[in-house]
Amino acid sequence: MNKTVLSGIVMTTFSYFLFSLQDASVKWLVVGYSVWQILFTRSITILLLCLVIGRGKLVRRAISSPVIKPLFMRNLLLLAAWLSYFNAARDLGLAEMTTLYYAAPIVVTLLAVPILKEDVPPIRWFAVLLGFVGVLIACDPLGTGMKLSLPVFLALMAAVFWAIGTVMLRKTALQETTLTQMTISNVFFIAMTGLAVGFYWTPPALFDLALMAGTGVIAGIGQYAMFEGMRRAPISVIAPFEYTSLVWAFGLGFLIWGDIPAPNVFAGAGLIFVAGVTIIVGERLAHRRTNVAA
């Protein structure tokens, strides 16, 4: 297959592993600290890393960047997604939350056609739906008696907000360097979370502060990998690989908290793996046909 697309898939998958690792760190920290404080510290860490690498040239480029406005809109969408998600989490279980959130790759694929003008072949649709079936099996939402309610609606809105933000990222990723986009994004997040952190700040212990900063480093590398992945591969190709974060989440849950996945989790993870392989094989065959036709 096209090596650029393959590298985009690898970097996207790696980014979701890092984001799962970040979520595990946040789960550890959120017991004693507010989400606002954790996100604020995380964003400052990422911004400092960007400035150390890019220095003055990066600052000048960020100030004059043509993607400031779309990135501002995207960050508002992500903030709305997080607020919806965390409010829904008060009343919904993990299985319900995960299942509803993973409607996002389907929404991304749907939006890729009218907004990004991508040609989505049937095999990609099949892979997205197969991955979602895998999530349904792994999470077993029917066993929880999930019903339509305000928390369910909020969880679905979080998925929609995240999906729109992802599609917008694909558009801006082609217009600006990854480091510049990371700088602009985290300046916005510092401003938005800083407004609330004054009301929710708890003086952290030295270890917890180091863990928050470490979370920022992990998230920063994850952001870079995700931005680069979207620069290199069509959004409808990499959307199903978001499902891999479910596998990482259960794996980290076992390693850190000793959670043992049920058999249905392994079955669902198997379908998610098959969905990813389906995308890779489909892209490889399409690339071969293109070369033959040329």
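I started in helix α9, where Glu-228 and Arg-232 sit 4 residues apart, about one turn of the helix. Helices here are DSSP runs (H or I, at least four residues), numbered from the N terminus. Their side chains meet in a salt bridge, 3.1 Å from N to O. For that label I need a side-chain nitrogen of Lys or Arg within 4 Å of a carboxyl oxygen of Asp or Glu.

A note on what I'm looking at: this is a predicted model, where local features need pLDDT of at least 70, side-chain atom pairs count only at pLDDT 80 or more, and totals for chains, interfaces and linings use all residues. Residues are numbered from 1 along each chain as its sequence is written, and side-chain values use heavy atoms, with hydrogens and water left out.

What else does Glu-228 bridge to? I found Arg-231, with the closest N and O atoms 3.5 Å apart. Shared partners join Glu-228, Arg-231 and Arg-232 into one network. I looked up exposure too (buried is under 20% relative accessible area, exposed over 50%, partly exposed in between, with a 1.4 Å probe and protein chains only). Glu-228 is buried because its relative accessibility is 10%, while Arg-231, at 33%, is partly exposed.

**The other bridge.** My search of the whole structure gave 3 salt bridges. One of them joins Glu-176 and Arg-61 at 2.9 Å, N to O. Glu-176 is in the loop between α7 and α8 and Arg-61 is in helix α2, so this pair ties together parts 115 residues apart in sequence. At 4%, Glu-176 counts as buried; Arg-61, at 40%, is partly exposed.

**Aromatics.** I counted 4 aromatic pairs. Rings of Phe, Tyr and Trp (its six-membered ring) pair if their centres lie within 6.5 Å; planes under 30 degrees apart are stacked, over 60 edge-to-face, the rest tilted. Tyr-16 and Phe-19 are edge-to-face, 6.1 Å centre to centre with 70 degrees between the planes. Both lie in helix α1, and both are buried. Phe-17 and Trp-248 also pair edge-to-face, at 5.1 Å and 70 degrees. That pair links helix α1 to helix α11, 231 residues apart.

**Surface.** Which helix gives the most to the nonpolar patch? I got α11, with 4 residues. The patch covers about 820 Å², and its members include Trp-28, Phe-207 and Ile-260. Ile-260, in the loop between α11 and α12, is exposed because its relative accessibility is 69%. Patch residues have over 30% relative accessible area and no salt bridge; like charges are joined within 9 Å, nonpolar side chains (Val, Leu, Ile, Met, Phe, Trp, Tyr) within 5 Å.

Notes. Accessible areas come from the Shrake-Rupley method with a 1.4 Å probe; for residues, only the protein chains shown count as cover. Helices (H or I, at least four residues) and strands (E, at least two) are DSSP runs, numbered from the N terminus.
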